[in-house]
Amino acid sequence: MEAKTKDLWVFVETKEDGSAKNVGIELLNPGRELADKQGGKLVAVVIGCGVKAAVDEAACHGADQVLYIDGEEFRQYSTDAYVAALNHLVETYGPTTMLIGATPNGRDMGPRLSSRLQTGLTADCTGLAIDEETGCVAWTRPAFGGNLMATILCTDHRPQLGTVRPGVFKKPEAGEAKAEVVKVDFSFPAESIRTEILEVIKETAGELVDLEGADIIVAGGRGVGSAEGFEPVRQLAEALGATVGASRAAVDAGWISHSHQVGQTGKTVGPKLYIACGISGAIQHLAGMSSSDVIVAINKDPDAPIFGVADYGIVGNLFEVLPALTAEIKKMKG
Amino acid sequence: MKAIVCVKQVPDTSGVVAVKEDGTMDRAAMATITNHDDLAAVEAALRIKDATGCKVVVVSMGPPPAEGMLRELLAMGCDEAVLVSAREFGGSDTYATSQILAAAIKKIGVDDDDIVFCGRQAIDGDTAQVGPQIAEKLGMPQVSYVAEINVDGKAVTVKRLLEDGYMTIKVQTPCLLTCVKELNDARYMSVGGIMECYQKPLEVYNYETLKDDPLIDVTTIGLKGSPTNVYKSFSPPVKGAGMMMEGADKATVDKLVSILNDKHII
């Protein structure tokens, strides 16, 4: 397909209540830069039910235009309805580039859409730029479990599609809404949705785990030794107003739920401060947290790879360090 | 019914990762394994076979040595294997790969009550794209990130993982499911299975076998048919070492807190 415009689209995924998920707003930040270089508009695309909140949010975070589709059949994500809606929008407006958050739904929808549009899709990107030579988007992403980075181009097919990892880019500052808001009429027959959602279970009810939005994360790994071993980690997190994270080893051992997991198969985070307690620093873990502004590592083993990325490292027993650290911070905060 | 399972042979990225001087992965120097998520998909299919006696067909696209992996899966209890292998297929990105695999699955034949299984993602490419792209080409409904499966005739009920929980979804066959490794623990090959696996059918589909399918075209397969191309690859940048402090005593903790405080980090 030929692109009809030089516009760059950001797909803004909505929650059930019609507000925007973080990642869609985050992507307006790199989206702005790419759109300016491409010489087209930055367009936010919102699909859902009762999506005024998401439309407003996209409008005041830098979008030039917001295209939205609103309908009961889009309240819950379904592959069939969402891919049909996006396919319709792309065929009608012809963007040259589209960014999609690499959430479970984004990674379900992106490939299905690329296959229907017969175009290229780069998965789970962590770096975005415009290649000077071709003018194409240079999509950079980790592969081989984070051991290798690859930069990928889609030169001949349009639109160029990419899913982008949540938590890699920061949200742009909110400002005055200047976007042109366009409601697009599109409906999808509910009976044509071939997947029926029987129930939705939020595992974190009562205990909010917002790793991607956290300013500070205190994370525990194999070194905490048991479910009880997370207690000093939790106490430090509480003293700092931080969120508790975990490595895959701790999650696999059953000491803490998967929603806390940071790393290649968990969440990618970029807080101001990441405190890694008893985490050795396998490449799969580093892939999820190495873009943190400041990293503190506490580990018994002076040769642990985590110290290779840490700004400050303490070699010592975390069960001695953490209580002392918690007490000191409480004292300081008075 | 039958289960068709797509599997990939991948380098083991959990052990020592060999990188060549030019920064690319030295695949030859690494052990190969069956991709974890795909193994969960195979086990899921075998459990349905245990319960219903259905047939399980494994299909893999790759170079001829991938036959060894397919024999192992036959030894686990799969009934038939198909190796999709041709020079023309080399260099395919996910779009081209899914075109070829979809054509191979059509050749195997999909009945009304069949399920196609894939892993969520392969540990080498990490894209999670091939499954949904195959589903699109076959016109099937899909459910990705599947962590539990119950089959009742043509109704399939699955648990799909989300960022903050899960949902239960009901879908009718024929459908495509992409499985996560948390779904199950795969069984071992049995001694009897190893004895039998060389008698089981293993077919090779090459370019000739599939070329009449409309999905197979020079513009849709191999390096030339791939919309995306790797422009360069490199090792991830390593951050310089930071400040190390020894000991778990109060002096160390005080020092850290005062640094973080001075820099307005906490």
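Visitor: How many residues of chain B are in contact with chain A?

Guide: Contact means heavy atoms within 4.5 Å. Here, 78 residues of chain B touch 82 residues of chain A. This is a predicted model, in which local features need pLDDT of at least 70 and side-chain atom pairs count only at pLDDT 80 or more, while totals for chains, interfaces and linings use all residues. Residues are numbered from 1 along each chain as its sequence is written, chains are lettered from A in the order in which they are written, and side-chain values use heavy atoms, with hydrogens and water left out.

Visitor: What area do chain B and chain A bury between them?

Guide: Buried area is the accessible area (1.4 Å probe) that two parts lose on being put together, summed over both. For chain B and chain A that is about 6,700 Å², with 56% of it on carbon and sulfur atoms.

Visitor: How many salt bridges are there between chain B and chain A?

Guide: A salt bridge is a side-chain nitrogen of Lys or Arg within 4 Å of a carboxyl oxygen of Asp or Glu. The count between these chains is six. One of the pairs to look up is A:Arg116 with B:Glu136, at 2.8 Å from N to O.

Visitor: Which strand of chain A pairs with strand 9 of chain B?

Guide: Strands are DSSP runs (E, at least two residues), numbered from the N terminus, and two of them pair if DSSP finds at least two bridges between them. Strand 11 (residues 195–202) of chain A pairs with strand 9 of chain B, antiparallel, over seven bridges. A:Glu196 has B:Lys170 as its bridge partner in that strand of chain B.

How values were computed. Helix = DSSP H or I, 4+ residues; strand = E, 2+ residues; numbered from the N terminus.
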